[in-house]
Amino acid sequence: MATDAAETYNPWTIVNLVFTHLAEQGLHPVFGGEGHPGEPAAALLRALGITPTVEGDARVRNGVQNELAELRARMLGADETP
């Protein structure tokens with residue numbers, strides 16, 4: 001069954017894969033010297049041709065939204081909308 005949705009990846013899974021490969025080659029990769037690694041990680045993903053998103057893995061986000069919708073329906077009733 002084909003879908004129109006783009007395949008998504010957790011960006012940290014890809015970063016971990018790259019870092020593991022580099023470490024296995026005897027290298028010691030580091031993101032920036034200090035601070036949050038998000039932007040350097042996003043730059044790595046862009047260099048690999050992957051567009052990072054703030055939301056991360058769309059499948060996880062969609063699952064969370066679906067679960068929240070189910071909880072709202074149970075707690076507020078089927079007729080209530082946010």
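Student: What covers the buried residues of α1?

Tutor: Please keep in mind that this is a predicted model. The cover over the buried residues of α1 includes α2.

Student: Which residues of α1 are buried?

Tutor: Buried means under 20% relative accessible area. In α1, Pro 11, Ile 14 and Val 15 are buried. They lie on the same side of α1, because they cover an arc of only 100° around the axis.

Student: Which exposed residues does the face of α1 turned away from its buried side carry?

Tutor: Thr 13, Leu 17 and Glu 24 are the exposed residues on that face of α1.

Student: How many residues does α1 have, and what distance does α1 reach from its first C-alpha to its last?

Tutor: There are 14 residues in α1, and the helix reaches 20 Å, close to the 20 Å expected at 1.5 Å a residue. Just after α1 comes Gly 26, with a positive phi of about 90°.

Student: Which residues make up the largest nonpolar core?

Tutor: In soluble globular proteins, nonpolar side chains tend to be buried together. Here the largest nonpolar core consists of six residues: Ile 14, Val 15, Phe 31, Ala 41, Leu 44 and Leu 45. The largest share, three residues, is supplied by α2.

Student: With which residues is Leu 45 in contact, leaving aside its neighbours within four places in sequence?

Tutor: Leu 45 is then in contact with Pro 11, Ile 14, Val 15, Ile 50 and Pro 52.

Notes. Residues are numbered from 1 along each chain as its sequence is written. This is a predicted model: local features need pLDDT of at least 70, side-chain atom pairs count only at pLDDT 80 or more; totals for chains, interfaces and linings use all residues. Side-chain values use heavy atoms; hydrogens and water are left out. A nonpolar core is a set of buried Ala, Val, Leu, Ile, Met, Phe, Trp, Tyr and Cys residues joined through side-chain atoms within 4.5 Å. Buried means under 20% relative accessible area, exposed over 50%, partly exposed in between (1.4 Å probe, protein chains only). Helices (H or I, at least four residues) and strands (E, at least two) are DSSP runs, numbered from the N terminus. Contact means heavy atoms within 4.5 Å. The expected span of a helix is 1.5 Å times one less than its number of residues. The arc is that of the directions from the helix axis to the C-beta atoms.
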